[in-house]
Amino acid sequence: MAEAATIEQRSEVEATQSERVVKSTCRGCHGACGVLVHVRDGVVTKVVGDPDNPMNRGSLCSIGLAAPELLYHQDRLLHPMKRRGARGSGQWERISWDEAFDTIAAKLQGLRQAHGAESVCLVQGTGRDYAEFLYRFANVFGTPSVATPGYICYFPRVVVHNAVCGGLPIANYEAHPKCAVIWGCNPHITSPEEYQGAQLVDALNAGMKLIVIDPRFTTLASRATIWLQLRPGTDTALALGMLHHIISNKLYDRDFVENYTIGFEQLAERARLWPLERVAEITWLPARKIADAAELYAREKPAAINPGQVLDGSVNAASNALCLGHLMALTGNLDRQGGNVLFSPPKVKTLSQFALHGELPPEANAKRLGGAEFPVANQGMITTHPKLLDSILDGTPYRTRAVLVHGSNALLSWPDSQRVYKAFNALEFLVVTELFMTPTAELADIVLPVATWLETDDVAAYWTRHGKVSVRQKIVQCGEVKSDQEILMELGKRLGYADKFFPTMEDALTDLLTPSGLTWRQFKEVGFLPGELRYEKYRTRGFSTPSRKYEFVPEKISAMGRDPLPTYLEPPESPVSKPELCKVYPLILSTGYRQPMFFHSESRQIPSLRAKWPEPLAEVHPETAARYNLKDGAMAVIESPRGSISMKVKVTPGVLRGVVAAPHCWWFPEKTSPDHGWREANVNMLTDSGPPYDAYAGSVSIRTLLCRVRPA
Ligand SMILES: Nc1nc2c(c(=O)[nH]1)N[C@H]1C(S)=C(S)[C@@H](COP(=O)(O)OP(=O)(O)OC[C@H]3O[C@@H](n4cnc5c(=O)[nH]c(N)nc54)[C@H](O)[C@@H]3O)O[C@H]1N2
Ligand SMILES: Nc1nc2c(c(=O)[nH]1)N[C@H]1C(S)=C(S)[C@@H](COP(=O)(O)OP(=O)(O)OC[C@H]3O[C@@H](n4cnc5c(=O)[nH]c(N)nc54)[C@H](O)[C@@H]3O)O[C@H]1N2
Ligand code: SF4
Ligand SMILES: [Mo]
C-alpha cells in the first residue's frame, strides 16, 4: 500500500514490519533514473520512477521496472564458486569468500613476482559506477592493463572533444533545443551516456525539429523533419560534407568563429575536399538532402547533436568526434543553452583522483598494450580488446596470464568471439565477477557473486558528464553477494594495501565525496548533487585548451603525432573497400541495434522482458528478402568470412536495401549446456578483431562489415 508508505533516505538491510519506500538510482543501463524502491518485510516488492528526480521525472523503462525480477532471480549467483572440472565443464563447487580472496591474492602475488604486474589484466564492461575502484585497484597493484569497451564506445569522443574544447559537450535537452541531430543513436531507448530519453521526449513534445541519421527507420526517424538513410559506416563523409556546405555557404556563426576559435582556414581547406556530389556518392544520400540537413542544423538555433556509439565503434572514431565538435563550434551551438553544453561536474573527486592514477609508475604506464600505437586509448588508460587478445595468445609484446573480469560477457560482446574463446581458454587464471553463470563465467577458475544496484551503496552516475550525481542505496542483500567495489577493496587489502583501501564502503564513498564537504550519510539525506549550471563559459574564461580557444586544429592531437584534421576512411569491409569479397558477401551487416528490454547480453533470463522480445531479429528490406529468398519469421543463416550464425528474419521496409541489421550479444541462458548457446546467434562470431584500427583510439569496425544471408 503505497499511500501508507514512508519515504526514508536511509538504507535498511533488516526486515521491518510495514512497507517503506527508499529513494535510489537505477542502474539497469547507463541512465541514472531516480527510483522509489518499495520494500515490505525486507523484500523489494516494486520499483517505480521518482517524480522528484530531474533526470526522469517519474518515468522508468521496462528494464528498471523489472529490477525485482532480476534481484530475486532463481539463477543468480549467491556464493563464490571454484571450478572443479575442465574449463567449460559446468562443474562448480561452493567456496567461502575467505578461500576465494586468498586464492586470488596468492595467484596475483605469484604472477607479479614471476612475470611483472602487467601479466594481470583487469576487465570491465561498459561504463559503470565502479570504474574508479577498478582503476584504483589496477594502479595500486601496478598493472597498466585495464581492458574496457571504451576504445569502441565513448572514449574516442571524450578524448577528442577534450582536445578541441576541453570537455565533452552534451545535448542540452532540458533547455529544449529547437533542433536536434540524432546521429546513429536511439536515446529514447538507450539513454546512452549522459542522455536521458525522457528529456528528449519532452523537448520533442515542445516542438523540437529532428534530423535523424540512421540506415533504419527508427521511432525517432518517424518524427524527423529530415531522415538521412545513409550507407552504414559512411558518417564521416556525411559530416565532412555538412562542414563543407556550412563553410562554403557562410552559414557559420562568424562572431564565434572569429573570436573563440583557431584553425578555421585549415579546416575550411580540408572540408573543400568534400563537395556534396562526392559525399552523396559515398553515403548513397541525395546531395540536396545533405544540404537541407546542414542548413536546418545551421539555421535553427539553438541546436544540439546527439551522437551514438556507431560513431565510436569505427575506424573513423576520432575523425567522427572531430567532425561533430567542429559542427557544434562552427554553428555557435557549443556551450550555448539548448545546444551542446560543457557541464561542470558536481563537487566530487574526479575519476582520476579517486582512482589514484598518479600511483601507477611511469614505467608501468608505458607498458600499456597498444599504448604507443593508440594515443587516444592510451590517454583514457584503456587496453583495447584486440591488443589484449594478441597478448594472451601470441605473447606480444608480453604475455597476459591472468584476467579479472568485472561485468563483461566477453564471449558475446567483444569483437571476434572465436578468438576471445581461444584466448580465455589459454589463460592461466580467470576470475569472473557476475550476476549469473554466463558463457564467459563458465570459463573461469573462480566466479564471484556480485550485488545488483539494489544491493549497493554508491554515488550514482559518477563517471558521466551531465553534471549530476545521485544516491544509490543498499536496500537488501541476497545470499553472500558483494558489490564490485567491496570485492576490489577487500582484494586490495589481502594484497597488503590496507592503507590504499578503506575500512568500510562508507569511508570510501565519503572520500569520493570530499570536495562536496558531505559525508556519505549526509549525501544520502541530500540525495542529489548537481554541478553549477552556466552557459557560454568561454566568454569569460576561454576553453580549457592550450590556446584557450576552440581548436579546429587541436594541438593535443598534433602532439600525439596524428592528423589533427578529420578525414574519411572506408569501412575495412564494404562494397567499396572490398569489391572482390563483396561478390561472395554482398550484403552490409549493421550490428548491434539496441532492443529496449535488453542491456547488451543482459536480461535474457528475465521472464517479463524476454517475453516482450523472445529471440534475435535480423532486419532486411523486402527487396533484399525477395532476392535471397528470405521469409518474414523464418530462420536465416548469416555468414561472414569469420563465421556463421542464425537469426529469425524480420522483413521491413524500414531498413536500407542491401543491409542486414542484426542485434548483438544474444545467448540463451535457458539452454542448460555450459555454453548456453553462445555461438548460435552471437553477431560477434562474424566480426573481426584484426586491423585496420582507428589510428588514434584503436577502434575496430565492430558495427559495419560484409555478410551473406540464406534461408536456414
Ligand atoms: N557487434 C557488436 N558488438 C558490440 C556492440 C555492438 O553494437 N555490436 N556494442 C559494444 C558496446 S558499445 C559495448 S559498451 C559493449 C558492452 O559490453 P559489456 O559491457 O561487456 O556487456 P555484456 O557482455 O552484456 O556484459 C555485461 C555483463 O556484466 C554483468 N553485470 C551486470 N551488472 C554488473 C555489475 O554491477 N557488476 C558485475 N561484476 N557484473 C555485472 C552482466 O550480467 C553481463 O554478463 O559491447 C560492445 N559489443
Ligand atoms: N536498452 C539498451 N540500452 C542501451 C544498451 C543496450 O544494449 N540496450 N547499450 C548501451 C551502450 S553501452 C551504448 S554504447 C548505447 C548505444 O546506444 P545508441 O548509440 O543510442 O544506440 P544503438 O541502438 O546502438 O544505435 C542507434 C542507431 O544507429 C543505427 N546505425 C547502425 N549503423 C549505423 C551507421 O553506420 N551510421 C548511423 N548514422 N547509424 C547507424 C542503428 O540502426 C540504430 O538505430 O546504448 C546504451 N543503452
Ligand atoms: S533507462 Fe536505464 S536507468 Fe532508467 S529505468 Fe531504464 S534501465 Fe533504469
Ligand atoms: Mo557502449
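Over the face of which ring does Arg136 lie at 6.0 Å from the ring centre? That ring belongs to Phe501. The views below come from a predicted model, in which local features need pLDDT of at least 70, side-chain atom pairs count only at pLDDT 80 or more, and totals for chains, interfaces and linings use all residues. Residues are numbered from 1 along each chain as its sequence is written, chains are lettered from A and ligands numbered from 1 in the order in which they are written, and side-chain values use heavy atoms, with hydrogens and water left out.

**View 1. Arg136 lies over the faces of Phe354 and Phe501.** The distance to the ring centre is 4.7 Å for Phe354 and 6.0 Å for Phe501. A charge sits over a ring if NZ of Lys or CZ of Arg is within 6 Å of the ring centre and within 35 degrees of the ring normal.

**View 2. Phe256 and Phe543 form an edge-to-face aromatic pair.** Their centres are 6.2 Å apart, with 75° between the planes. Rings of Phe, Tyr and Trp (its six-membered ring) pair if their centres lie within 6.5 Å; planes under 30 degrees apart count as stacked, over 60 as edge-to-face and the rest as tilted. Phe256 is in helix α9 (residues 254-260) and Phe543 in the loop between α23 (538-541) and β22, 287 residues apart. Helices (H or I, at least four residues) and strands (E, at least two) are DSSP runs, numbered from the N terminus.

**View 3. Thr331 occupies the loop between α13 (317-330) and β15 (340-341).** Thr331 counts as buried because its relative accessibility is 0%. Its side chain makes a polar contact with the side chain of Tyr297 at 3.3 Å; such a contact is a pair of N or O atoms within 3.5 Å, and within protein one must be able to donate a hydrogen and the other to accept it, while residues adjacent in sequence count only if both atoms are side-chain atoms.

Note on methods
Buried < 20%, exposed > 50% of the residue type's maximum accessible area, 1.4 Å probe, protein only.
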